[in-house]
Amino acid sequence: MTDAPPKTPAFRLYRKYLSKLRPYSFPIGVGIASDLYATFLAMIPPLFSILLFDYAYPGRDLRLLTWVVAAGLVLYFINFFFSSINDYMNVFVDEKISTSLSLDMFRKIMHLPLLSPASKNVGDTTVRILEDADLTAGMLLNAPQALLINLANLGLFLVISLMLNPYVTLLSLASIPFYLLETEFFSGRLSELREETQKNRSETYDGLQERLLSLRTVKAFCREDHEALRFKIYLDRRIKLNIKQKIIGIISAFSNSFTLQIWSTFVAWYMGYQVVHGHLTLGQLLALSAYLPQIAGPIHELANLYTNFRVGMVSLRRVDEILSLPSEWDEAFAKEPLALERGKIDVQSLSFRYDELSQTLRKITFEVPEGSSLALVGGSGAGKSTIINLLLRFYDPSEGMIYFDGQTVGRAQIDALRGRMGAVFQEISLFAGTIRENILYGNPSASDEEMREAAQMAAAHDFIDALPLKYDSPVEHFGQNFSGGQRQRLAIARALAMKPKILVLDEASSALDAESEFLIQETIHRCKGKMTVVIVAHRFSSIKGVDKIVVLDRGTVAESGTFPQLMAKKGVFFTLYQLQMGGFQEFQQRMETEFARYQRYRQDLSVILLDVSNYDQLAQNEKAGRLARLMEELNLFLRKNLRIMDFCCVFRERELLIGLPETNFQNSVRLARRLRQKIAEQVFEVDEKGFKLDVVPKVASCREDFVRYPDELIEKAEEAPTDEGMADPDQTIREEKS
Ligand code: ATP
């Protein structure tokens with residue numbers, strides 16, 4: 001995490017999170033008390049050996065023997081009972097704290113600015129939320145408990161064994177400095193390894209997620225095995241780290257037990273020496289032999305505690321790095337509540353940069369009056385989506401200001417602003433659940449009536465109504481069980497269900513079919529006057545109806561105006577429009593979509609082929625480039641005269657194709673005649689040179705000609721008789737069929 005706060009000293013950081021234990025003081029107290037009881041009770045049985053060896057056996061006292069054995073059994077069960085209570089309380093509190101830390105982190109991530117690395121590094125954040133929270137909780141709870149209990153253990157056993165024999169006890173304590181040195185050394189290595197392990201886990205999650213989400217791409221490029229090999233690199237690293245961790249653990253345990261063993265042997269020899277010299281009875285020897293390991297136990301545990309503390313601090317630090325990041329609204333610039341009632345937007349000299357190296361937006365200024373629509377267009381990377389993100393206040397402008405209904409928006413008002421804006425993004429994300437839940441996502445209290453209204457406005461109602469479970473139909477993760485167009489409709493319905501004053505629509509740049517394009521046009525049309533619409537448009541044909549278009553070029557406003565104004569200007573927009581609309585390829589794609597609709601809904605589809613009959617004559621006198629521009633002029637002229645849903649392109653140099661969805665043969669013939677007449681009246685100007693064009697139209701229609709493929713329709717139009725033969729369309733059809 002690059003913007004992590006500077007390292008806080010371990011104990012201060014630990015103290016900061018100790019407050020997490022406070023709400024569970026009672027169960028923690030019960031747990032500690034139970035453990036202390038269990039410890040206290042565990043201290044008694046070794047004393048029984050004095051009773052047995054020094055009194056019961058030498059005195060052949062069967063009664064004492066029976067009492068001691070019975071007392072041992074009772075103590076065992078009481079001890080077991082208290083240990084179980086302690087175990088239960090530990091698990092209970094551990095789970096509670098771990099859940100609370102995970103939830104705190106999740107909340108924090110939800111409220112982080114979008115550009116924060118924690119919002120982007122999904123794998124790393126997942127590991128922190130799920131694993132580090134768990135490890136931190138264990139450490140937070142165990143450290144004070146283990147410290148208290150082991151110190152108490154140590155103290156009590158020390159008192160008893162000192163009373164039994166101070167020399168033997170002090171001798172056994174002399175091993176402590178060795179433990180300290182070992183612990184310091186190994187805990188350092190293990191905490192470094194924990195850091196590496198968590199980093200590796202984060203990378204593994206990231207790698208896994210990226211590949212699973214891109215499965216389609218992986219398969220399409222036949223890279224399954226390659227990806228498996230790449231993923232293996234993470235796993236190999238994980239194995240290495242785990243083995244390294246195990247080896248250090250084993251060496252550390254060996255080193256500890258080596259120290260313990262050497263020392264114990266030495267102490268055992270010394271105890272034997274004391275017995276031989278009559279300074280120690282056999283019973284005392286046996287009691288001490290039972291107590292001394294009990295002293296070594298807490299020392300060993302305290303050493304473990306230190307190691308676990310250092311290793312656990314790695315996770316605590318990772319948790320803290322997220323929790324101490326500033327949330328979006330931490331600084332409250334403006335105290336006044338935001339009153340966004342009209343939806344007027346005023347962008348003044350807006351500049352923005354993602355990093356120091358590049359300036360993404362430079363002095364952008366535009367205004368969107370309330371209830372009107374504005375389209376942002378421009379080449380890829382021009383900054384359109386960045387403006388949308390700034391409008392939604394996902395980022396802070398570097399310079400300049402955005403006013404909503406004449407008011408600036410402070411961080412404290414971000415929620416109020418977004419609550420009045422409906423947003424549809426390029427990557428449409430629906431959540432697993434039902435259609436109802438998805439549409440009502442931003443406004444759960446909306447009524448069924450309001451939900452349906454939103455769906456109708458987004459043209460989603462019909463397809464939802466056709467589903468067996470209608471609005472309760474299930475939605476899979478990311479809305480995978482719906483088509484791109486349906487997802488888009490649902491996303492628009494979700495935005496509209498919020499009853500926004502401003503609708504921002506970042507149109508998906510790829511894979512948009514004519515249906516979606518239609519949807520955008522319809523949405524703009526339906527929202528007119530009701531709310532302000534800002535749309536990022538990649539398909540220029542979808543924004544013919546907007547009130548204003550702002551053309552962006554590398555982060556600046558290149559030009560702005562209405563569609564006809566920009567077309568007349570013949571500047572950047574005109575060039576982009578021509579680039580986008582000119583191709584036959586696009587025409588074919590549209591034909592396929594429209595043809596599918598014809599097949600599905602029996603909506604007619606016709607084609608007009610306009611042949612420029614004086615093309616050869618013009619070609620004799622004009623250069624090829626000039627003729628190509630002339631055909632483009634004709635293409636543009638047609639577009640201006642067609643309906644929004646129609647589409648056309650230049651075909652084979654001298655011809656033009658016009659696709660007419662939902663138009664039957666007769667109407668297409670009528671249109672063809674009108675177009676012919678209009679073109680005949682028009683003088684096309686290319687390089688200030690006027691051209692008169694003569695066109696011959698031919699028409700074919702799906703229903704009339706029983707075509708099976710969209711290309712067949714174009715072929716039919718090529719074969720169709722000229723407009724002379726169209727004088728009696730019915731007769732033409734009869735002839736065709738025969
Ligand atoms: P497109 O039409 O391809 O979606 P766009 O006009 O919407 O493009 P933006 O997404 O606004 O373009 O991007 C503008 C510039 O900012 C691009 O050069 C892009 O590389 C850069 N950019 C976008 N998002 C980020 C980001 N999160 N971090 C750094 N740079 C970014």
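Partly exposed describes a residue whose relative accessible area falls between the buried class, under 20%, and the exposed class, over 50%. The views below are taken from a predicted model.

**View 1. A salt bridge joins Arg310 and Glu184.** The side chains of the two residues meet at 3.2 Å, N to O. Arg310 belongs to helix H11 (residues 282-323) and Glu184 to helix H8 (residues 176-213), so the pair links distant parts of the chain, 126 residues apart. At 41% relative accessibility, Glu184 counts as partly exposed, because this value lies between 20% and 50%. Arg310 is also partly exposed, with a relative accessible area of 26%.

**View 2. Glu370 forms a salt bridge with Arg342.** The closest N and O atoms are 3.4 Å apart. Glu370 sits in the loop between strand S2 (361-368) and strand S3 (373-378), and Arg342 in the loop between H11 and strand S1 (345-352), so the bridge ties together parts that are 28 residues apart in sequence. Glu370 is partly exposed at 42% relative accessibility, and Arg342 is partly exposed at 39%.

**View 3. Lys528 and Asp547 form a salt bridge.** Their closest N and O atoms are 3.3 Å apart. Lys528 lies in the loop between helix H18 (514-527) and strand S9 (532-536), and Asp547 in the loop between S9 and strand S10 (548-553); 19 residues separate the two. The relative accessible area is 40% for Lys528, which is partly exposed, and 32% for Asp547, which is partly exposed as well.

**View 4. A network of salt bridges links Asp124, Arg128, Asp132, Arg318 and Glu321.** The structure holds 31 salt bridges.

**View 5. Lys20 makes polar contacts with Ser100 and Asp104.** Lys20 is placed in the loop between helix H1 (10-18) and helix H2 (25-42). Its side chain contacts the side chain of Ser100 at 2.8 Å and that of Asp104 at 2.6 Å.

**View 6. Thirteen residues surround the ligand.** The closest are Ser380, Gly381, Lys384, Ser385 and Thr386. The shell consists of three nonpolar residues, nine polar and one charged. An oxygen atom of the ligand is 2.4 Å from an N or O atom in the side chain of Thr386. For the side chain of Gln426 the corresponding distance is 3.1 Å, and a polar backbone atom of Ala382 is 3.1 Å from a ligand oxygen. The ligand taken alone exposes 630 Å², of which the protein buries 62%.

**View 7. Phe53, Tyr57, Leu282 and Leu286 make a nonpolar surface patch.** The patch covers about 370 Å². Tyr57 is in the loop between helix H3 (45-56) and helix H4 (62-110) and is partly exposed, with a relative accessible area of 43%.

Note on methods. Residues numbered from 1 in each chain as written. Predicted model: local features only at pLDDT ≥ 70, side-chain atom pairs only at ≥ 80, totals over all residues. Heavy atoms only, no water. Near = heavy atom within 4 Å. Polar contact = N/O pair within 3.5 Å; in protein donor to acceptor, adjacent residues only side chain to side chain. Areas by Shrake-Rupley, 256 points an atom, 1.4 Å probe, with all protein chains shown as cover. Nonpolar A, V, L, I, M, F, W, Y, C, P; charged D, E, K, R; others polar. Patch = residues over 30% accessible without salt bridge, like charges linked within 9 Å, V, L, I, M, F, W, Y side chains within 5 Å. Salt bridge = Lys/Arg side-chain N within 4 Å of Asp/Glu carboxyl O. Helix = DSSP H or I, 4+ residues; strand = E, 2+ residues; numbered from the N terminus. Buried < 20%, exposed > 50% of the residue type's maximum accessible area, 1.4 Å probe, protein only.
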